[in-house]
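Welcome! Take a moment to look over the protein below, and then we will walk through some of its features together.

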Amino acid sequence: MGQEGLESYFLRMEMEPEAFSPGGDDASSDSTCYQCSSCRADEERSCANSMRGRAKTRSLSASPALGNTKEFRRTRSLHGPCPVTTFGPKACMLQNPKSIMHIQDPASQRLTWNKPPKSVLVIKKIRDASLLQPFKDLCIYLTEVNNMIVYVEKKVLEDPAIMNDDSFGPVKKKFCSFSEDYDDISNQIDFIICLGGDGTLLYASSLFPGSVPPVMAFHLGSLGFLTPFNFENFQSQVTQVIEGNAALVLRSRLKVKVLKEHKEKKAMIQNGIEENGLISPSLEKELFKQAIQYQVLNEVVVDRGPSSYLSNVDVFLDGHLITTVQGDGVIVSTPTGSTAYAAAAGASMIHPNVPAIMITPICPHSLSFRPIVVPAGVELKIMLSPEARNTAWVSFDGRKRQEICHGDSISITTSCYPLPSICFQDPVSDWFDSLAECLHWNVRKKQNNFAIDEEEEF
């Protein structure tokens, strides 16, 4: 596709610089703030003054720095929201002054720090004895060598093997512990280290409803498609990340809003209406509905649950009914989730840098129902069809499973808060390596070439 063809796909935007504080207590008049109109002008993003180039090696070593800049063109795709590129209190993505499109060259996405990171969240796969020693080695290195504040979930520290280890006691006393759904740590974490499989990365995403700190994932689980780092040389790899020498891939997330009818309150109010008169539509909507929001990294799955009937759900796109799913269910996934459940259901695999949402039916009762890809900025809504014989069930990254009844709705769009995943090499190389090593993509015995005498016969 030529340059004119590319320009027809993307809308170019000029962003006006404003003064901002790059993090910390003192505001700096020399810094710049960029406001995103597609995010309704409610998200501020910052960038550091120091710039680094691309490292074209398998390591995370830095290449020569680029010159400082205060003015550059910032654009977005025609439909996709411009993602927030500040991650936690101290990290942001290194801006590329030559970028003219929202879909950057993946090699230009690099991590930089406004200030040196001081706090780290360590997420360990629970009930796995093989991870105890790597967990202890990493925590000792972070606390004693790097003098960092380590946050660990309470249920990890309740493991008897950790509680009864007296030699690990002095290190454990330095930890800051928290409990999911009770403690808000979103503004206290500078970056995250995951020990385990892909599930640890999904869990890290669920802890941050807003801006997500950079995530470094070590492959200590079973599959490891999203965990590119090996633990053998963790000291040097962690040090390079702390120094800001790392490539990033921004994994888009889905912002999901579940609107459910409050049936008990509705019945009570309706009984009162019969006695006292009418109720205003605005008050009716407020009292009859309760909203729950989620940030989803892989996929939203709507299925028929324990029922033996086909699921029957309507799918709306920007308010228009596009199809009715009759089958086992439907998967709405991010590009990151396209290599998970969606791939098993027959969908294509999409690189995480592509701004898109994938809709994949699960065992549809139709020969022509194929998976589709829609722009990242659209809003999807899923509801039970009026003709549905049973309820449906929904889950978010395999968690928070709940029943969907008549009158309930699920709204889905691309979140402004992506998950910044730290790369081992770069976004392209890491993705294709995972396809080959984890999913054995296009593995086949090679065809033999013709011998010389066989070629002469033809």
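Let's start at the surface: Arg 127 is exposed, with a relative accessible area of 77% (exposed means over 50%, buried under 20%, and partly exposed in between, using a 1.4 Å probe and protein chains only). This is a predicted model, in which local features need pLDDT of at least 70, side-chain atom pairs count only at pLDDT 80 or more, and totals for chains, interfaces and linings use all residues. Residues are numbered from 1 along each chain as its sequence is written, and side-chain values use heavy atoms, with hydrogens and water left out.

**Positive phi angles**

- Arg 127 has a phi near 60°, a positive value in a residue other than glycine.
- You will find Arg 127 in the loop between strand E11 (119-124) and helix H2 (132-145); helices (H or I, at least four residues) and strands (E, at least two) are DSSP runs, numbered from the N terminus.
- Cys 363 is not a glycine either, yet its phi is positive, at about 45°.
- Cys 363 sits in strand E22 (residues 356-364) and counts as exposed, at 55% relative accessibility.

**Nonpolar cores**

- The largest nonpolar core has 37 residues, and Phe 135, Leu 138, Leu 142, Phe 175, Ile 193, Phe 218 and Val 238 touch the most other members (such a core is a set of buried Ala, Val, Leu, Ile, Met, Phe, Trp, Tyr and Cys residues joined through side-chain atoms within 4.5 Å).
- Helix H2 gives the most to this core, with six residues.
- Beyond its neighbours within four places in sequence, Phe 135 is in contact with residues including Val 122, Val 152, Phe 168 and Leu 195 (contact means heavy atoms within 4.5 Å).
- Another core lies apart from the largest one and has 28 residues, among them Val 256, Val 325, Val 332 and Ala 392.

**Cavities**

- The structure holds three cavities of 30 Å³ or more (a cavity is a set of points, on a 1 Å grid over the protein atoms alone, where a 1.4 Å probe fits but cannot get out).
- The second largest cavity has a volume of about 110 Å³, where volume is the space filled by probe spheres set on the points.
- This second largest cavity is lined by 13 residues, of which Phe 225, Val 249, Arg 251, Asp 430 and Trp 431 lie nearest its centre (lining residues have an atom within 4 Å of a point).
- Helix H11 gives the most to that lining, with four residues.

Terms used. On a 1 Å grid over the protein atoms alone, a cavity is a set of points where a 1.4 Å probe fits but cannot get out, and a pocket is an open set with protein on both sides within 12 Å along at least five of seven lines; lining residues have an atom within 4 Å of a point.
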